[in-house]
Amino acid sequence: MIKTAVIHPTIMEVLARSGHFAQVVIADGNLPVGSMNGPNSTTVHLNFRPGLLDATTVLEGLIEICPFQGATVMEKPKEANVEIHEAYKKLLGDVSWEEMERWAFYDKIKDANTTLIIQTGEQRRFANLILTAGVVKMAEENNF
């Protein structure tokens with residue numbers, strides 16, 4: 001049986017067929033995911049009600065399943081609070097980090113590399129996150 005705590009069948013299936021550089025999107029409760037689907041993306045709706053499930057819970061689960069080498073968030077207005085970005089950085093550790101202008105960020109979601117969009121019940125603003133899949137390194141590959 002599966003040893004990870006994540007057991008959602010569609011999420012597991014899509015991640016299993018995704019490869020290096022595939023993009024996984026964690027969407028907050030406000031992202032219009034119906035208009036964000038790219039040619040290779042599958043959308044999973046985990047937004048049962050506001051706040052359930054939240055984006056950091058979903059990220060914690062995804063980190064258990066696969067390695068990520070990069071993260072992209074939307075640039076925020078100066079006055080906006082984005083504590084969630086700091087939470088993402090803490091959970092992800094040493095990955096490349098990028099902030100993108102709003103419309104470029106939306107275009108990146110629609111890109112052919114996006115294989116999975118997970119709609120959450122996250123209510124914090126600017127919580128959308130694009131993850132770039134990395135590779136599983138073998139023990140002898142620690143130097144690159």
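What volume does the largest pocket have? The largest pocket has a volume of about 200 Å³. The structure is a predicted model, in which local features need pLDDT of at least 70 and side-chain atom pairs count only at pLDDT 80 or more, while totals for chains, interfaces and linings use all residues. Residues are numbered from 1 along each chain as its sequence is written, and side-chain values use heavy atoms, with hydrogens and water left out.

**Pockets**

A pocket is an open set of points on a 1 Å grid over the protein atoms alone, where a 1.4 Å probe fits, with protein on both sides within 12 Å along at least five of seven lines; lining residues have an atom within 4 Å of a point. Grid points are joined across faces, edges and corners, and a volume is the space filled by probe spheres set on the points. In the table, Ala, Val, Leu, Ile, Met, Phe, Trp, Tyr, Cys and Pro count as nonpolar, Asp, Glu, Lys and Arg as charged, and the others, Gly among them, as polar.

| Pocket | Volume | Lining residues by class |
|---|---|---|
| Largest pocket | about 200 Å³ | six nonpolar, two polar, three charged |
| Second largest pocket | about 150 Å³ | seven nonpolar, three polar, two charged |

The lining of the largest pocket includes D28, R102, Y106 and R125. Residues V6, H8, I11, L46 and I118 are among those that line the second largest pocket. Helices (H or I, at least four residues) and strands (E, at least two) are DSSP runs, numbered from the N terminus.

In helix α1 (residues 9-17), I11, V14 and L15 are buried, that is, under 20% relative accessible area, with exposed meaning over 50% (1.4 Å probe, protein chains only). Seen down the axis of α1, these residues fall within an arc of 100 degrees, so they line one face of the helix; the arc is that of the directions from the helix axis to the C-beta atoms. P9 and A16 are exposed on the other side of α1. The buried residues of α1 are covered by elements including β1 (23-27), β2 (42-45), α2 and β5 (114-119), where contact means heavy atoms within 4.5 Å.

Helix α3 (residues 83-92) buries I84, H85, Y88 and L92. Their arc, viewed down the axis of α3, is within 105 degrees, so these buried residues line one face of the helix. E83, E86 and K90 are exposed on the other side of α3. The buried residues of α3 pack against α2, β3 (68-74), β4 (96-100) and β6 (129-133). Just after α3, G93 takes a positive phi of about 70 degrees.
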